[in-house]
Every structure is written in structure tokens, then in C-alpha cells.
Amino acid sequence: MRAALFSCFYSSAQVPDDARRLFEAASESAGLTADPLSRLRDLRGPAIALALSREWRITDLEGRLSRAIDAQFEPTWDHDRGEFTWGLGLNEEHPRGQYNAFLATAEASSPGAWTRLSAAPLEACPQVVGVDFPNVALARARWTNGVLFLRLDVHRADPRMLTTFRILDAEPNRAWSVVGAERSTIERDGDALVVTTPLQSGDLRIEPSRI
């Protein structure tokens, strides 16, 4: 049944009606429609089922799977490393990558997101690179009407220190400014913009300069 769930995931955006029928049969056969769910024996199937139940707004199944995964798959914050992973009862030194990847996909998904992602190429836009991860992560990075909205999530804040990152492919013939934390600066380095900002969590806005 796990193979059938894999097929559902990869075909759902191309042939959603057929994938939905297969998904419903596979979920029932795998015992995922029971309420409450018993022990989850498979480590990938429930994550795929959770992602697809969110994709298709099957809220009753989503709720059962989410509760069972939270109870059985050991969701864990490692505050020293700034990482969130699932231990999955494997008692391993490092979280299992493939299993965690599907669980992270399910955690981050929203209704229709997988279909939208598969339906057309992503719209070209400037990219943020060179973030000092895991010391700094981006909780938000979104272009809206030509303005880049960022939210920095810093592992160990120290406003006396600075961190930098780069923005590639921003409009080359335009002046840019950064709005947010004091002491934040922005300068051009060839085709890139270099942003320097204090090592602290908070919002930044990268926008065309009004000067």
C-alpha cells in the first residue's frame, strides 16, 4: 500500500481524479481511515497521506493522521542546533533523511499547493542566497509588488554582531534600500545586492529607493 500512496503523491497534480480514487482505496486498505488510528507501522505512508489529505482538504483524515504522527513519530526541537525533526522511534543519532523529508513536506503543505507547484514553472524572481544557516534562517521571503519582505529567525541573537546575505538578479539599474533593524545596510556588488543587518530576529523590507 505504501507504493500506491507514492503513486498517488506523484500523480496527484497530473491526474487528480484517478489519484484521488487510488488514494482513498490505499488509505482504507492501509488502515489509515480508522478512528482513532492504531500504531502506525509504516514511516513514510502516513506522511504522504497527511500531505495529500491537506492538498485535497480531507479534514477528518488530516486530523487523525496529524494527531497520530504527533503522538507516535517523536517530533523534536533540538534547540542547540535550531532544528526540528522527527525521531520516528528509530533511536538513531541522526534523524532519518527520507522519512523526515516527507514529514516536512506534509508539515509545510497547504491546500492545493502541490498542484499549483506542478502546474506551471515558478515565476522568475530574484533569489536570496548566502544566508548564514543554521545561525540565521528565513521564516519568510516573499516578493510582493516589487518589494521583498523578509523575516529573520536567529538562533542565538547578538545585536552587536552583524550577518550578511546576498540577493541575486534584482533589477540592476535601480537603487535599493533596506527598512527594518537599525544599522542595516544594502550595497551592490556586481549583479548582487549585499544586505548587512544585526544578528537578531525581526522583519526586513528590501524596496526600491525613493531617493
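Which residues does Glu74 touch, not counting residues up to four places away in sequence? The first legend answers this.

The structure is a predicted model, in which local features need pLDDT of at least 70 and side-chain atom pairs count only at pLDDT 80 or more, while totals for chains, interfaces and linings use all residues. Residues are numbered from 1 along each chain as its sequence is written, and side-chain values use heavy atoms, with hydrogens and water left out.

View A. Glu74 touches Ile69, Thr85, Trp86, Gly87, Leu88 and Gly89, not counting residues up to four places away in sequence; contact means heavy atoms within 4.5 Å. Gly89 lies 15 residues from Glu74 in sequence, and their C-alpha atoms are 6.7 Å apart in space. Glu74 is partly exposed, with a relative accessible area of 40% (buried is under 20%, exposed over 50%, partly exposed in between; 1.4 Å probe, protein chains only). Helices (H or I, at least four residues) and strands (E, at least two) are DSSP runs, numbered from the N terminus.

**View B. The hairpin of β1 and β2.** Strands β1 (residues 75-78) and β2 (residues 83-86) run antiparallel and are joined by four bridges; two strands pair if DSSP finds at least two bridges between them. Trp77 has Phe84 in β2 as its bridge partner. Four residues lie between the two strands, and Gly82 in the turn has a positive phi of about 70°.

**View C. Packing of helix α3 against helix α4.** Two packed helices are described by the angle between their axes and the distance between the axes. For α3 (residues 45-55) and α4 (residues 59-72), the angle is about 145° and the axes are 9 Å apart. Axes are lines fitted to C-alpha atoms, for helices over the stretch in contact, and angles run from 0 to 180 degrees between N-to-C directions. The crossing of α3 over α4 is left-handed, that is, the near helix is turned anticlockwise from the far one by less than a right angle (right-handed if clockwise). Residues of α3 that meet α4 include Leu50 and Arg54, and those on the α4 side include Leu65 and Ile69.

**View D. Helix α5 and its buried face.** The 12 residues of α5 (residues 97-108) reach 16 Å from first C-alpha to last, close to the 16 Å expected at 1.5 Å a residue; the expected span is 1.5 Å times one less than the number of residues. Tyr99, Asn100, Phe102, Leu103 and Ala106 are the buried residues of α5. Seen down the helix axis, they fall within an arc of 160°, so they line one face; the arc is that of the directions from the axis to the C-beta atoms. Exposed Gln98 and Ala108 are carried on the face of α5 turned away from the buried side.

**View E. The open sheet β3-β6-β9-β8.** Its four strands pair in the antiparallel sense. At the edges, β3 (127-129) and β8 (185-189) each pair on one side only. Neighbouring strands are turned by 30° against each other on average, direction ignored. Eight bridges link β6 (residues 158-168) to β9 (residues 192-199), and Thr163 stands opposite Thr197 in β9.

**View F. The open sheet β4-β5-β10-β7.** Pairing among these four strands is antiparallel. Each of the edge strands β4 (136-144) and β7 (176-179) has a single partner strand, so one side of each is left without a neighbour in the sheet. The twist averages 20° from one strand to the next. Four bridges pair β7 with β10 (residues 202-208), where Val179 stands opposite Arg205 in β10.
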